[in-house]
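Here is a short tour of one protein chain. Look at the sequence and the fold, then read on.

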Amino acid sequence: MQTIPDLKNNISFEDFKTEILNDYALAVRSRECSLLGRREVLTGKAKFGIFGDGKEVPQLAMAKAFLKGDWRSGYYRDQTFMMAIGALTIEQFFAGLYANTDLALEPMSAGRQMGGHFTTHSLDENGVWKNLTNQYNSSPDISPTAGQMPRLLGLAQASKIFREVKGIDSTKFSNNGNEVAWGTIGNASTSEGLFFETINAAGVLQVPMVISIWDDEYGISVHAKHQTTKENISEILKGFQRNNKEKGFEILRVKGWDYANLIETYQEASTIARKEHVPVLIHVQELTQPQGHSTSGSHERYKSAERLEWENKNDCNVKMRQWIIESGIATNETLTKIEGDLKKEVREAKNKAWKDFLKPIQIEQQELISILNKVAASSVNGIFIKKIIENLSDNKTPTRKDILSQARKALRHTLGETNAAKQELAEWIDAMFKKVQPSFSSHLYSETENSTINIKEVKPSYKDDAAQVDGRVIIRDNFDAIFKNHPDTLIFGEDTGNIGDVNQGLEGLQEKYGELRVADVGIREATIIGQGIGMALRGLRPIAEIQYLDYILYALNVISDDLATLHYRTKGKQKAPLIIRTRGHRLEGIWHSGSQMGGILNLVRGIHVLVPRNMTKAAGFYNTLLQGDDPALVVECLNGYRLKEKMPENLCEIKTPLGVVETLKFGTDITLVSYGSTLRIVLETAKELLSVGIDAEVIDVQSLLPFDLNHDIVKSIAKTNRVMIIDEDVPGGASAYILNEVINTQNAYQYLDSQPKTLTAKAHRPAYGNDGDYFSKPSAEDIFEAVYTVMHEVNPQDYPKLR
């Protein structure tokens, strides 16, 4: 529901009073949830609580300006807002606190995130887009402070794209770009670089974005004087204020307890952003935090008695109550009755949410007890199993951990026994894991028929007289076809537009498709990724370009915390199939080494990581990704743009499959596994090894996440009985990841006659120059000698010691 009063036009006083009292009731309802939620944590029913008490009234005002089709990118204290737009019930609030894994009961994340993290559903049961213009939309919250800001930028930019770029089918996504992206953030979190980067980018881009800063003067225990220059964020952002000559922000200030002025302020902000596509910052001051930061501590430890007294008097709900009485809208007795009724309503809803949470677990508990009684009766260790039964029976509020832990311990007591009861217990444990594990582990990637993994390969085809062209021409012409055939696709990054990227892979495309679809942006990697996430959430197909792989580090927190977890933390109810384009491998120097793959692989699960060896393969990956549902990182070979490749005749149709390796040379003595630019060195070295009688098989990984889904590498090892992973990352980086996949996932150990080997770069970043590369990363000679050493250990007579 949306409770927007038409306060500017003529309405009856009775309707006006009803609207005000409905709002007050909502504020009280939310506050009671916070108060009771804290008790649930302190009594042990919930693990942790962080609530929106003290922010209720400004969130009511924000909700009144929030229209269908709009988006929120918020802060973990926005429960009142979510209740006001009808996206959060009391029972759902408590289901989130209890971590209920039933998405129907806990639609925010199905228990995957702590309470206070909110979202709405953009996809139906089949993973198909809903009509987002007919609903209120919230992107899924994350805990890292200011982490919601980069995504906010993209949510707002999508409205600009929908309004100004022709040819996009925006039926489900936009009403001519009239939507506003609403961001919320605590005052202390504005100290984060992501906040300032987003503010600057929004001012440059001029997008319809409204940022609310909830200012209660503290960041956990740290006062604003330690957080912000002048202790006032809107004061120090004055330079962003727009004027008659210069574009910028509209900056508004309002007291967080002033109901009437809050409504007027938010309506003004909505009008400016929605009609003019100008970003607005609302500094909501004089807010309180009645229960402190969270259930992990008490604010009495760090707030003075004077401050605590001030907060009691200036609490927004208290002030709204006073205003209602002073304005003659309602009496104290009327409000007291409303408050009493709401306390009962919240308490009853809380109890129902707790019962709904416990009921299926208690059913499973009784199932296990029944099975364990049979096991105890048939086991020589029945006395020990009966003790487990007693412990289970005494547990009135069991978790699934409690149940499965006891079941598995009971099974240990039946070692060496063979009977039907034991078999039933073992099967029950397996069935429980099969049923329950997906509640915690599903939807890391798309599970729909549009999963990128399901896209079938289309190989390049060539005319007999196919021209040999620079690799950059292939990638450029493929992007040209993409932009022609996909109006909803756009690319943006540093040097991406005017000069056609630093390697000319986008040469001439800005002139052809316009500055909004092939765009230059500032040096701000975090918000480049944020632009992509937000636009992808709204149905566009953005390609965010990070100039070099090294620069990914500037955005890795946004990629890891937000993009990689987005589909997982919504349990498949939102998706952001952003493509991140970058380039790396074999470049020289500490800051352009482009080889930190191990770190990336360990931080971005939920994103596909693709490492094509040439531009034809890269083009195929882009074509594949645009057909699928998942986000991905594509690392093009930096030294491959000027290398010659044959021009395919089916360029825009090529699709490189994900998770499929390619054998480039067949051999019988050892399997060599690599990717990217290093692969070319491996392939050349394999030819040289033939001169000393070593026939190596060479495999291109192509796709690190996912990795070799068909287990083709282990098939090669079964033939050669030896394997070496060659990688330009540091020791223990991507090579260790690959080796783990081969040995532990594919079980290649059973075919090995020699120790599996890795050959990597040195532990440091590469030094500058040709010599720096030679002494830092695996060279052709390093590879030759490492392979030869393995064969020497196998057969020293045929392969005498080299050095």
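Where is Pro 398 found? Pro 398 sits in the loop between helix H12 (382-394) and H13. Helices (H or I, at least four residues) and strands (E, at least two) are DSSP runs, numbered from the N terminus. Pro 398 is buried, at a relative accessible area of 1%. Buried means under 20% relative accessible area, exposed over 50%, and partly exposed in between (1.4 Å probe, protein chains only). From Pro 398 to Asn 503 the distance is 60 Å, C-alpha to C-alpha, and the two are 105 residues apart in sequence.

The model is predicted: local features need pLDDT of at least 70, side-chain atom pairs count only at pLDDT 80 or more, and totals for chains, interfaces and linings use all residues. Residues are numbered from 1 along each chain as its sequence is written, and side-chain values use heavy atoms, with hydrogens and water left out.

**The whole protein**

The protein has 25 helices and 22 strands. Its radius of gyration is 30 Å, close to the 28 Å that the globule rule gives for 803 residues, so the protein is as compact as a globular protein of that length. The radius is taken over C-alpha atoms, and the globule rule is 2.2 Å times the number of residues to the power 0.38. Along the principal axes, the C-alpha trace spans about 100 × 85 × 45 Å. Of the 803 residues, 61% count as buried.

**Salt bridges**

Side chains of opposite charge can pair when their charged atoms come close. A salt bridge is a side-chain nitrogen of Lys or Arg within 4 Å of a carboxyl oxygen of Asp or Glu. The whole structure holds 53 salt bridges. Three of them are listed here.

| Pair | N to O distance |
|---|---|
| Lys 64 and Glu 19 | 3.5 Å |
| Glu 276 and Arg 242 | 2.8 Å |
| Glu 507 and Arg 476 | 2.7 Å |

Take the pair Lys 64 and Glu 19, a salt bridge at 3.5 Å. Lys 64 lies in helix H2 and Glu 19 in helix H1, so the pair ties together parts 45 residues apart in sequence. Both residues are buried.

Next comes the salt bridge of Glu 276 and Arg 242. Glu 276 lies in helix H8 (residues 259-276) and Arg 242 in the loop between helix H7 (233-236) and strand S7 (250-255), so this pair ties together parts 34 residues apart in sequence. Glu 276 is partly exposed at 46% relative accessibility. Arg 242 is partly exposed at 23%.

The salt bridge of Glu 507 and Arg 476 also links distant parts of the chain, 31 residues apart. Glu 507 is in the loop between strand S10 (489-493) and helix H16 (509-513), and Arg 476 is in helix H15 (residues 471-485). Glu 507 counts as partly exposed, at 31% relative accessibility. Elsewhere, salt bridges that share partners join Asp 501, Glu 545, Arg 581, Arg 583 and Glu 636 into one network.

Lys 47 lies in the loop between helix H1 (13-42) and helix H2 (56-65). Lys 47 is exposed, with a relative accessible area of 79%.

Asn 419 is in the loop between helix H13 (400-412) and helix H14 (420-441). Asn 419 is partly exposed, at 22% relative accessibility. Its C-alpha atom is 7.6 Å from that of Ser 378, 41 residues apart along the chain.
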